[in-house]
Amino acid sequence: MEQNSQANNEDQAYLEEQIRECYGRVVYSHKTHEKCADILLNRLSHIKIAQIVLSALSTAGFVSIIFGTGEVGAIAGGIVSVALLVLNGYTKDYDLGQLAQKHRQAAADLWLIREQYLSLLTDLRSTSCTEEEVREKRDDLLTELHALYSGAPSTNFKGYKKAQEALKNLEDMTFSDEEIDAFLPKSLKKC
């Protein structure tokens, strides 16, 4: 009987270890998608500013022709117009705003799965579920995760590095008891 109990404890430990690994990967994926969206929106902002500046310079170059600067204004306006054309062509084929929104949606969907994994770990530790129920929930989450990853945009190394910095050094996912207590009513405070 003792061997059977020891085998069950080992099975539960293996199951918990796997779920913890899945949880960790989802935490990183969630944060990486958030960071990729931030990177894309920042790039889009810079492109929009560049478009405005190039448009203004192009207009100024051609207006200067009217006021007699002649050839120099025409050449400068033409060069700036070509640069603006290239930038507009780039943004036509590559919608950074839409891609950023897809990353935001993937992050939102991953947030829910992340929280479900956390709940699953809690259920496993509290023994409120049987191991079979935990396995079933785990398998359901894996299926949801697969569907989500299939439709999500690819992340990049820069986004991953920013996520790693946020999670490891800036402690984006950690809170002290005092920080949590600040949000809770008096009856639920720990400190």
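The following exercises, each with a worked solution, concern the predicted model shown above.

Residues are numbered from 1 along each chain as its sequence is written. Because the model is predicted, local features need pLDDT of at least 70 and side-chain atom pairs count only at pLDDT 80 or more, while totals for chains, interfaces and linings use all residues; side-chain values use heavy atoms, with hydrogens and water left out.

**Exercise 1. Describe how helices H3 and H4 are arranged, and state which residues of H3 meet H4.**

Step 1. Identify the elements. Helix H3 covers residues 96-126 and helix H4 covers residues 131-151. Helices (H or I, at least four residues) and strands (E, at least two) are DSSP runs, numbered from the N terminus.

Step 2. Two packed helices are described by the angle between their axes and the distance between the axes. Axes are lines fitted to C-alpha atoms, for helices over the stretch in contact, and angles run from 0 to 180 degrees between N-to-C directions. The axes of H3 and H4 come within 11 Å and cross at roughly 170°. H3 is therefore roughly antiparallel to H4 (under 35 degrees is roughly parallel, over 145 roughly antiparallel, 65 to 115 roughly perpendicular, and the rest oblique).

Step 3. List the contact, which means heavy atoms within 4.5 Å. From H3, the residues are Ala106, Asp109, Leu110, Ile113, Gln116, Tyr117, Leu120, Asp123 and Leu124. Their counterparts in H4 are Val134, Lys137, Arg138, Leu141, Leu142, Glu144, Leu145, Leu148 and Tyr149.

Step 4. Sort by class. The contact of H3 with H4 has twelve nonpolar, one polar and five charged residues. Here Ala, Val, Leu, Ile, Met, Phe, Trp, Tyr, Cys and Pro count as nonpolar, Asp, Glu, Lys and Arg as charged, and the others, Gly among them, as polar.

**Exercise 2. Locate Ile47, and characterise the aromatic pair formed by Tyr90 and Tyr94.**

Step 1. Ile47 is placed in helix H1, which spans residues 2-66. Its relative accessible area is 9%, so Ile47 is buried (buried means under 20% relative accessible area, exposed over 50%, partly exposed in between, with a 1.4 Å probe and protein chains only).

Step 2. Beyond its neighbours within four places in sequence, Ile47 contacts Leu87, Tyr90, Thr91 and Leu96.

Step 3. A search of the whole structure finds two aromatic pairs. In the pair of Tyr90 and Tyr94, the ring centres are 5.6 Å apart and the planes stand at 45°, so this pair is tilted. Rings of Phe, Tyr and Trp (its six-membered ring) pair if their centres lie within 6.5 Å; planes under 30 degrees apart count as stacked, over 60 as edge-to-face and the rest as tilted.

Step 4. Tyr90 is partly exposed at 36% relative accessibility, and Tyr94 is partly exposed at 34%.

**Exercise 3. How many disulfides does the structure hold, and is Cys36 buried or exposed?**

Step 1. The structure holds zero disulfides, a disulfide being a pair of cysteine sulfur atoms within 2.5 Å.

Step 2. Cys129 is in no disulfide, and the nearest cysteine sulfur, that of Cys22, is 17 Å away. Cys129 is buried, at 17% relative accessibility.

Step 3. Cys36 has a relative accessibility of 2% and therefore counts as buried.

**Exercise 4. Describe the surroundings of Ala166 and the backbone at Thr127 and Glu171.**

Step 1. Ala166 lies in helix H5 (residues 157-169) and is buried at 2% relative accessibility.

Step 2. Residues up to four places away in sequence being set aside, Ala166 touches Lys31, Lys35, Glu171 and Asp172. Lys35 is 131 residues from Ala166 along the chain, and their C-alpha atoms are separated by 9.2 Å.

Step 3. Most residues other than glycine have a negative phi. Glu171, in the loop between H5 and helix H6 (177-181), has a positive phi of about 55° although it is not a glycine.

Step 4. Thr127 is likewise not a glycine and has a positive phi of about 55°. Thr127 occupies the loop between H3 and H4 and is exposed, at 58% relative accessibility.
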